[in-house]
Amino acid sequence: MDLVRTGSKQLIREINEALVVQEIRARGMASRTDLVRATGLSGPTVSTVVGRLLQGGLLVERETGAPTGGRPPVMLAIRPEAGYVIGIKLTDRRVIGVLADLTGAVTATCAVSLGAKDSESVCADIAVAAQMLTPAAAGRPILGLGAGLAGIVDSESGVVRRATFFDWIDIPLGDEIAARTGIPVVVDNDVNTLVVAEQLWGAGRGTSDFVLASVGRGVGMGLVLGDRLHRGAYGGAGEFGHIKVTGGGLCECGAHGCLESLVGEPALLRAIGSAGFPQLKIDDAADRARKGDETLRTVFGAVGTALGRALATVVDIVDPDRVALAGEGMRYHDLFLTQCRTALQDNVFGSVRRLDLIVVQSDDTAWARGAASLILGTLFRPHLHHGDSQTPSLISRFTG
């Protein structure tokens, strides 16, 4: 009974600490009074938690609040340089890495070309990227590494069930990276990492239900439902490119009728060739379309129509507050966005509101920053699972 009671007290302490830190993180800065109102904790409890976090160095005090007739209130903020996290975006050719502080601000970047594509070699390249970034932490602790890649990923176990660009099935990538780097690791689908970044700092900020579709070589989707990233039971949620649509042909996955066979860049390149321009690359075709080539404008417009119809199905199912488009395909979004918006609005069932699309222009660094944020999100949670050494509570590092 004493063990249960002790464990319960420790869990309550960690939950209270997490509530305080998450509220400060969401606001940027908060006073003790703000924290009492927002968390529902008592004043003495907030004071005790804040005292521990200040003593441990995770929080700092700043007298920047607006005065209310007397001394300006003391505001609390996370100390950015108290620790750092690494984010990795893994493409079919490169490892893109960032070092981010505890607020998610990127302080260093790097890129490493992949050698061989077996998981052992790729993990070695990721370790090289981590070594390149470490000096920028200036001796402060590296608290974790988040990695994102295309495919079906069980983020709880760190196992890649199926990798889009690699011949991997059931690879324990998280454990392999951790063994190479000695750093706690979280692995997720790469679109999920971008969604995390957009939820914190971009198009998804301030909403609890948000859909982001990524269009490029592949077609993916990230879902935030009820303010939580939705991964599904086995990490397979968001395989938007492989829903079956009318007119879809043979997909790179081997199936017929996938949306990706109409919207992905390999499909777009084939459509450009079939339209009479087999020599043109996508960017060259986009330039000609912008200059008025109606045949090519029709080709790009068809991408938007197919994408909008498929998005309407998703909207009918999950009823998001916002819909965003991202990925490499946004470099020519001006050629299909109107058709996509029209098809989305025309095909949503019973909609009484105007749905619009937010275009997210994101480079590989933004995706890697999202991967770093996976670690921040994990480490700012209370330590709910006894014996979970893979992702220890960050707060416990500063409160003992």
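Where is the place of D170?

Author: D170 lies in strand β10, which covers residues 169–171. Helices (H or I, at least four residues) and strands (E, at least two) are DSSP runs, numbered from the N terminus. This is a predicted model, in which local features need pLDDT of at least 70 and side-chain atom pairs count only at pLDDT 80 or more, while totals for chains, interfaces and linings use all residues. Residues are numbered from 1 along each chain as its sequence is written, and side-chain values use heavy atoms, with hydrogens and water left out.

D170 is not a glycine, yet its phi is positive, at about 55°. The residue counts as partly exposed because its relative accessibility is 44%; buried means under 20% relative accessible area, exposed over 50%, and partly exposed in between, with a 1.4 Å probe and protein chains only.

Two strands pair if DSSP finds at least two bridges between them. R162 stands opposite I169 of β10, and a hairpin is formed by β9 and β10 with 5 residues between them. On the other pairing of β9 (residues 159–163), 4 bridges link it to β8 (residues 151–154), again in the antiparallel sense. There V153 faces V160 of β9. β8 and β9 also make a hairpin, this one with 4 residues between the strands, and G158 in its turn has a positive phi of about 75°.

Phi of D227 is near 70°, positive in a residue other than glycine, and D227 counts as partly exposed because its relative accessibility is 48%. D227, however, sits in the loop between β13 (219–225) and β14.

Axes are lines fitted to C-alpha atoms, for helices over the stretch in contact, and angles run from 0 to 180 degrees between N-to-C directions. Contact means heavy atoms within 4.5 Å.

The largest nonpolar core has 43 residues, of which V20, I24, L35, I78 and L212 touch the most other members. Such a core is a set of buried Ala, Val, Leu, Ile, Met, Phe, Trp, Tyr and Cys residues joined through side-chain atoms within 4.5 Å. Elements that each supply at least two residues include β12 (210–215), β15, α1 (2–27) and α12. The largest share, 7 residues, comes from α12. Apart from this core lies another, of 40 residues, with A213, V299, M330 and L344 among them.

I375 is found in α12 (residues 364–379) and counts as buried because its relative accessibility is 2%. Leaving aside neighbours within four places in sequence, I375 is in contact with V85, G144, L145, G146, P184, V185 and V186. I78, not counting residues up to four places away in sequence, touches V21, I24, R25, L58, L59, L102 and F380.

Another open sheet has 3 strands in the order β1-β3-β2, with antiparallel pairing. β1 (30–31) and β2 (59–62) stand at its edges with a single partner strand each, so one side of each is left without a neighbour in the sheet. Two bridges join β1 to β3, and A30 has L76 in β3 as its bridge partner. Helix α3 lies across β2 and β3, running at about 105° to β2.

Finally, a helix pair: α9 (residues 282–290) and α10 (residues 294–318) pack at about 115°, with their axes 8 Å apart. Residues I282, A285, A286, R288, A289 and R290 of α9 meet L296, R297 and F300 of α10.
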